[in-house]
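Visitor: Got a model open here. Can we go through a few spots in it?
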Amino acid sequence: MAMPPSAPGSRLVRRLGRGVLDALLPPHCLTCEQPVERQGTQCGDCFRGLNRITAPFCPRCGVPFIHAGQAGPGGLCPGCLARPPAFEAARAALRYDAGAQRLILPFKHADRPELATALAAMMAQSGAALLARADLLAPVPLHWRRLLARRYNQSALLARRLAALSQKPCIPDLLRRPRATPPLGDRGAAERAALLAGAFRLTAAGSRLVTGRRVLLVDDVMTSGATAEACARALLEAGAAAVDVLAAARVPDPRLQAEA
């Protein structure tokens, strides 16, 4: 008679299996070669190099403040005061700096999909309130040519792991990106928004799934918010009740950095 998965004998087998794996492949830091106690973790130096986003930050777009005095009415950043985004709230786990890049760049460009597990765990902590109120999760899609080049959509990997942690449904193909857009890294906010206008679509089936529901949009890095804005508008136009955004990392607003 097979033992149930939670039986003591089954747990012992799993522990023995992990012990054998650790003996054959000793655990090392996710971002360097230093030994660690457990697979899938970072060494102390690399972990301390991560800057988690904590208050103060804009409650709407999640951009971190240098100090609380940078917040305007309602605690909002200047960008959200000037032009409120279509999404209701955005949060990110990490400030996008050298420490975060050591996790995110290999995840995106160096065929390291296993890094999604560590990133999603941090995102689940920072975005706990957004996960709790979400009806379903959906990743920011890649254009098919970029997906073919990378072999996986990193935002979809994060969304699937967050769905497992939160016990919420994930629809990885809810949004599609029928039109390719050029790299946005060195472009201003207005140019980003113009390039992304109409870049995202839902299928008829996707529209039926989101009608009247709150969608949590998942991405790896949030920069100006233009991609999240374009996706949120597509979801709202399709009938979603509301859209929130959860990212692994958030690029600080250079205007706020200059004021510090």
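Visitor: Where is Thr 31 found?
Guide: In the loop between α1 (8-24) and α2 (44-48). Helices are DSSP runs of H or I, at least four residues, and strands are runs of E, at least two, numbered from the N terminus. This is a predicted model, where local features need pLDDT of at least 70, side-chain atom pairs count only at pLDDT 80 or more, and totals for chains, interfaces and linings use all residues. Residues are numbered from 1 along each chain as its sequence is written, and side-chain values use heavy atoms, with hydrogens and water left out.
Visitor: Is Thr 31 buried or exposed?
Guide: Buried, at a relative accessible area of 15%; the cut-offs are under 20% for buried, over 50% for exposed and partly exposed in between, with a 1.4 Å probe and protein chains only.
Visitor: What does Thr 31 touch?
Guide: Leaving out residues up to four places away in sequence, Thr 31 touches Gln 42, Cys 46, Arg 102 and Leu 103. Contact means heavy atoms within 4.5 Å.
Visitor: In which sense do β2 and β5 pair?
Guide: Parallel, over four bridges, with β5 spanning residues 214-222. Pairing takes at least two DSSP bridges between the strands.
Visitor: And what stands opposite Leu 136?
Guide: Val 215 in β5.
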